[in-house]
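Open the model in your viewer and keep the selection tool ready. This tour says what to pick next and what is there.

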Amino acid sequence: MIKHAKTEYAIQDCIAHRWSPYGFADRDVSESDLRCLFEAARWAPSSFNEQPWSFILATRTQSSAFARVLSCLVDSNQVWAKAAPALALGIAALRFKRNDKPNRVAIHDLGLATGNLLAEATARGISVHPMVGILPDRARELYAIPDDYEVVTGIAIGYAGEPDDLPAEIRQRDLAPRQRKSQREFVFGARWQEPF
């Protein structure tokens with residue numbers, strides 16, 4: 001299933017073709033491709049080049065490791081994410097290594113790294129579905145994550161599949177057309193909410 005964005009202005013294919021499916025095909029993502037996705041994340045920009053992101057990754061072929069990551073998702077996300085061939089958790093270091101001061105942009109920088117991962121995945125024909133419906137405290141306990149790190153997101157990685165096997169409500173989300181606000185609603189000029 002392919003859902004291309006209907007853009008107002010020309011953008012790169014790896015952005016226009018990116019979407020987050022709920023349905024995943026029964027097809028593994030190679031370790032080589034997974035390494036390339038996280039290499040793209042590695043090269044994201046970050047404040048003071050701190051690179052405050054970490055990821056916990058498991059593939060379906062590692063059944064117990066996969067089950068551990070899956071158990072860190074809320075039940076409504078486990079329903080569909082269990083079909084993805086790879087799952088990850090995105091974690092942000094909340095303090096700068098350079099001076100131990102709070103890093104107020106750590107979550108932003110984790111988002112940039114995840115964005116790079118998504119763009120690389122899309123360029124390779126791989127789909128990624130990030131989600132905030134996770135159980136951070138469970139992840140912290142299972143993986144002994146220190147207090148100065150925040151478990152921010154879950155990430156399902158695989159190939160988009162047909163939504164037929166999904167529960168009806170989730171299937172409708174996969175089938176719905178992609179929608180976005182117009183630039184007039186979020187790009188402002190001289191005053192707040194005055195379009196650029």
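Start at the second largest pocket, which holds about 240 Å³ of space. This is a predicted model: local features need pLDDT of at least 70, side-chain atom pairs count only at pLDDT 80 or more, and totals for chains, interfaces and linings use all residues. Residues are numbered from 1 along each chain as its sequence is written, and side-chain values use heavy atoms, without hydrogens and water.

A pocket is an open set of points on a 1 Å grid over the protein atoms alone, where a 1.4 Å probe fits, with protein on both sides within 12 Å along at least five of seven lines; lining residues have an atom within 4 Å of a point. Volume is the space filled by probe spheres set on the points, which are joined across faces, edges and corners.

Select E31, L34, L57, T59 and Q62. Of the 15 lining residues, these lie nearest the centre of the second largest pocket. Now colour helix 2 (31–42) and strand 1 (53–59), the elements that each give two or more residues to this lining. Helices (H or I, at least four residues) and strands (E, at least two) are DSSP runs, numbered from the N terminus. Helix 2 gives the largest share, 4 residues.

Next, move to the largest pocket, with about 550 Å³ of space. Select A5, K6, T7, E8 and R180, which lie nearest its centre among 20 lining residues.

Last, find T122 in helix 5 (residues 106–123). Which residues does T122 contact, leaving aside neighbours within four places in sequence? Select D13, C14, H17 and R18; contact means heavy atoms within 4.5 Å.
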